[in-house]
Every structure is written in structure tokens, then in C-alpha cells.
Amino acid sequence: MENERKLNLPEMGFGTFPQKEKLLESVPTAIKYGYRLIDTSDNYQNEEFVGEALKKIDSETLDEITVISKFSQPMRTYELEKCFDESKAKLNNKLNVYLLHWPFPFLWKEEWKRMENLYLSGKCDAIGVCNFEEKHLKKLFKFCRVKPMFNQFECHPTFQQKELINFCKDNGITVIAYSPLARLDKKTFANETLNSIAQKYNKTVGQIILRWHIEHGYKPIPSSSSEKHIAENHGILDFRLEQYDIERIDALECGNRVRFNPNTRFTFRQKVKFLLLRIINILKIDKILLDIKSMIKYPQASKQASKQASKQASKQASKQASKQASNK
Ligand SMILES: NC(=O)c1ccc[n+]([C@@H]2O[C@H](COP(=O)([O-])OP(=O)(O)OC[C@H]3O[C@@H](n4cnc5c(N)ncnc54)[C@H](OP(=O)(O)O)[C@@H]3O)[C@@H](O)[C@H]2O)c1
């Protein structure tokens, strides 16, 4: 089992959801303020804007940048490699880290094997997962050739996922924290402890939260479309939180999930679809169906062809007969 060809990510990254055209401005701005990690996904429908924005960056800086994208198309499980190529083309040929966006029921194991193929063939520098819980990772370890290098999931002071984080750390998996600012959720931003710590350090609540992520070794990927916030968020690398304050923030955990729960993310209908797709592929029913179809089509086609041939033949014969008659 491999996960030693480790890629070191910068301390924090730039989230791009839900921006689209705006990224043509915000990505270069983020890079100007020091971001060197950009997070996108095929289902944010913004990869082409990230790619377009990267065209404006000089080649030396571009070399320093790591781009993450994700596979989010369960109905295209069996062409995951093609999806990777499509994302990479949109991203101006810059796709370093590929993540499996969700543990898609019935499909994620097959998808992980395909992710491994991408990595082992050298098409990307690292692979990982998102929204995987301990139970998924334990199952994955049983069959994988390559361990995920990253797990990206929701994490912020009021929803910390400590057990999952410890499990990831024990298994050499780096944590990437999404919605690191809890999407400005009130329970988090209006919290008294966070506000008093912000006053103490003369920083904003957002900066205290992002610093807390970094003190713990998580990689936060805040998203912002405003230059002021982009600068503010990256301007946290010049101070440290005292252990006492880190522990006060640790104590704010209250199960306040603001995004999807991987266990309830998919509807019953979606799960049935995924299961059918898996069965169809295992039994190669799609191929059998195609064969049957062509078998049915073939006799029809040949009947038609022979009808046409005999029509033409009789036409020619009658033409020739009338020619012969007139010659006489
Ligand atoms: N893998 C997954 O399943 C998954 C799921 C969700 C998200 N993600 C990734 O994680 C990234 C970040 O997560 P997120 O967008 O959900 O939430 P977030 O980063 O916690 O919050 C983003 C919000 O915070 C605001 N903001 C940013 N900096 C601020 C500051 N200094 N002061 C005040 N407001 C500030 C932004 O508004 P402004 O634009 O006005 O600054 C935006 O509305 C996404 O962009 C995406 O790349 C991944």
C-alpha cells in the first residue's frame, strides 16, 4: 500500500465555490496576496474560469501553484479517467491533486481503483477523498493499493470532527478543512469566546478561526470574492494563538454542521440508480443489450438489403430485356 509520494500543500488554500466569472479577478487577487493552493471541482462548473485566470499568471508563479479538482459524476464512474482529462483541459493543463468528491454509494470503491490508476500512471501528483468518514476509510484500506493522501471535509470551531481528524492523522492523511469559516454561520461568528479572542489579538473573528485551523495542522480553504477578505484571510501567517486560546476554541464544538451529511447526502432514488449502474457494469448487461440489439437489427437490415438488391436486379433485367427487344 502506497502513500509515501507525499505532496506538501501550502498552509491554506483558496476555495472557489460558488464563484464563476468572478474568478477571473479573484484568482489572480488571491495569488497576489500569497495563495498557492486553489480548490475547485467539476461540479462547481467553474473550472474553465480558474483555467482562464491561470493563463494570466507568469510561469514561475504558476509552477508554485497547486490546483485541486474533484470527480463528482457518479453516472460517469466508468469514464473517470476521461473526466480527469476534461477537468485538466479546462484548468489550462494544471491539475495536481484529484479528489473523489463523495463516497458515492455502491460506486466509490470502483472509483477509488480508477483514481489509483491515474496516480500510478503519473497523471496527477496526489489523490484523495472528500467527505469520507472513518467507516469508509477503513473499508478502503482493505483493498486499496494507494492510501488517500488527503481527506477534505467540513471542519470549523463549532463542527470539529475530532475523531475523524485523529483517524486521518494516525493514517498519514492530511486534513483539508472546507467551509472553514462555517459559511459565516451565526452560531460561530457571533460566538462570545471567538469575539473576545479576536479583540485580544486585534484580529477579526475570521482570522482567529483560520489561525486555529493552522495551529492544528488542518489546511483551511476559505472562499472569498472580495479583495478585502482575501487579503485578510491570507494575512494570518504572521501571528500565533496561545495554547490556552486554542483550547478555548476547541471547547466550542457543538455538532453545528452547516453543509451536507455524507450519510444523508443521497436520496433513495439516487442510491437505486447507483446500484443499477453498478450491476449493469458488473454483469456487462450494457454490452449484452447492445449485442441483442444489433442481432435484432442485423436480420432486419439484411432483409431490407436483399429486398433492395432483388428490386435492382429485376429492374436491370427488365431494362436489358426491353433493350434486346428494341434491337430486334
Ligand atoms: N469537498 C466538498 O464537498 C466541499 C463542500 C463545500 C465547500 N468546499 C470547498 O471549500 C471552500 C470554502 O467553503 P465555503 O465556501 O462553503 O465556506 P467558507 O469559506 O466557510 O465561507 C465562505 C463565505 O465567507 C465569506 N468570507 C470569506 N472571508 C471572509 C472574511 N474575512 N470576513 C467575512 N466574510 C468572509 C465569503 O464571502 P465574500 O465572498 O463576501 O468574502 C463567503 O460568503 C469552497 O469554496 C469549496 O472550494 C468543498
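**Ground rules.** I number residues from 1 along each chain as its sequence is written. Because the model is predicted, I take local features only at pLDDT of at least 70 and side-chain atom pairs only at pLDDT 80 or more, while totals for chains, interfaces and linings use all residues.

**Whole chain.** I looked up the secondary structure and found 14 helices and 8 strands; helices (H or I, at least four residues) and strands (E, at least two) are DSSP runs, numbered from the N terminus. Of the 328 residues in the chain, 35% are buried. Buried means that 20 or more other C-beta atoms lie within 10 Å of the residue's own; exposed means 12 or fewer, partly exposed is in between, and C-beta atoms are placed from the backbone.

**Ligand shell.** I found 26 residues around the ligand, and the closest are G15, Y178, L181, S223 and S224. By class I noted 9 nonpolar, 13 polar and 4 charged residues. Nonpolar covers Ala, Val, Leu, Ile, Met, Phe, Trp, Tyr, Cys and Pro; charged covers Asp, Glu, Lys and Arg; the others, Gly among them, are polar.

**L181.** I then followed L181, which lies in the loop between β7 (174-178) and α8 (186-189). Is L181 buried or exposed? L181 is buried, because 24 other C-beta atoms lie within 10 Å. Leaving out residues up to four places away in sequence, L181 touches H156, G206, I209 and P222; contact means C-beta atoms, placed from the backbone, within 7 Å.

**α9 and α10.** The axes of α9 (residues 192-201) and α10 (residues 205-216) come within 8 Å and cross at roughly 95°. Axes are lines fitted to C-alpha atoms, for helices over the stretch in contact, and angles run from 0 to 180 degrees between N-to-C directions. The two helices are therefore roughly perpendicular, a term for 65 to 115 degrees.

**α4.** In α4 (residues 80-90) I found L80, F84, S87, K88 and K90 buried. Seen down the axis, the buried residues of α4 fall within an arc of 160°, so they line one face of the helix; the arc is taken from the directions from helix axis to C-beta atoms. Their cover includes α2 (47-54), β3 (66-71), β4 (97-100) and α5 (108-120).

Methods:
A residue is near a molecule or strand if its C-beta atom, placed from the backbone, lies within 6 Å of it. Two residues are in contact if their C-beta atoms, placed from the backbone, lie within 7 Å. Angles under 35 degrees count as roughly parallel, over 145 as roughly antiparallel, 65 to 115 as roughly perpendicular and the rest as oblique.
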